Amino acid sequence: MAAAPAGAPALKLLLDEMLDPEIGVQLRRAGWDVESIQAEHHELLGADDAAVLVTATQLGRTLVTDNVRHFLPLHEAHLAEQKVHAGLLLAHPRGYPRSKRTIGLWVGGLASVLERYESASTDNLCAWLP
């Protein structure tokens with residue numbers, strides 16, 4: 001797994017509350033800027049999804065979630081209202097199940113996205129993990 005190049009404007013992520021914070025720990029070890037609601041942003045635990053997306057945007061962080069049912073409509077509403085968010089990375093629960101055994105799967109999928117978008121704008125990005 002490649003690390004973020006020194007000095008490059010790297011994509012910054014925020015892991016939604018249902019995702020294991022160990023994913024962020026492992027990505028940070030590789031040099032990526034990843035925070036977790038569970039570990040670093042306790043104030044967002046149980047918060048309304050719209051508030052989570054607004055806060056992620058204020059933090060300049062693309063939100064990683066498998067809560068497609070709630071966040072995809074929020075993305076579409078932002079577009080319809082010509083509002084900007086800092087991006088969404090969506091994971092399908094069948095491809096990215098939540099489990100201690102699948103942390104490596106999450107880390108690998110997110111690392112590939114981080115490498116792809118590390119210096120690109122993520123304004124209103126809505127992408128799926130590979």
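Visitor: At the start of α1, which backbone nitrogen does a side-chain oxygen of Asp20 reach, and to within what distance?

Guide: Happy to! At the start of α1, a side-chain oxygen of Asp20 comes to within 2.8 Å of the backbone nitrogen of Glu22. That is a polar contact, meaning a pair of N or O atoms within 3.5 Å; within protein, one must be able to donate a hydrogen and the other to accept it, and residues adjacent in sequence count only if both atoms are side-chain atoms.

A word on the source before we go on. This is a predicted model, in which local features need pLDDT of at least 70 and side-chain atom pairs count only at pLDDT 80 or more, while totals for chains, interfaces and linings use all residues. Residues are numbered from 1 along each chain as its sequence is written, and side-chain values use heavy atoms, with hydrogens and water left out.

Now the helix itself. α1 spans residues 21-29, and its buried residues are Pro21, Ile23, Gly24 and Leu27. Buried means under 20% relative accessible area, exposed means over 50%, and partly exposed is in between (1.4 Å probe, protein chains only). Helices (H or I, at least four residues) and strands (E, at least two) are DSSP runs, numbered from the N terminus. After α1 comes Gly31, with a positive phi near 100°.

Next, the strands on either side of the helix. β1, α1 and β2 form a right-handed β-α-β unit; right-handed here means that, with the strands pointing away from the viewer, the path from the first strand over the helix to the second runs clockwise. The pairing of β1 with β2 is parallel and has four bridges, and two strands count as paired if DSSP finds at least two bridges between them. Leu13 has Val34 as its bridge partner in β2, and Leu15 has Ser36. On its other partner, β3 (residues 62-65), β1 is joined by three bridges, again in parallel, with Thr62 as the bridge partner of Leu13.

β2 shows two faces: Val34 and Ser36 are covered, whereas Asp33 and Glu35 are uncovered. In a regular strand the side chains alternate between the two faces of the sheet. Ser36 counts as buried because its relative accessibility is 1%. The side chain of Ser36 reaches the backbone nitrogen of Gln38 at 3.1 Å. Not counting residues up to four places away in sequence, Ser36 touches Leu14, Leu15, Leu19, Pro21 and His41; contact means heavy atoms within 4.5 Å.

Ile23 and Leu27 also belong to the largest nonpolar core, which has 24 residues. Together with Leu13, Val64, Leu89, Trp106 and Leu110, they touch the most other members. β1, α1 and α5 each supply at least two residues of this core, and the largest share, eight residues, comes from α5. Such a core is a set of buried Ala, Val, Leu, Ile, Met, Phe, Trp, Tyr and Cys residues joined through side-chain atoms within 4.5 Å. In soluble globular proteins, nonpolar side chains tend to be buried together.

A second, separate core of 12 residues includes Leu14, Leu63, Val68 and Leu90. Leu63, in strand β3, is buried because its relative accessibility is 0%. Beyond four places in sequence, the contacts of Leu63 include Leu14, Asp16, Val52 and Phe71.
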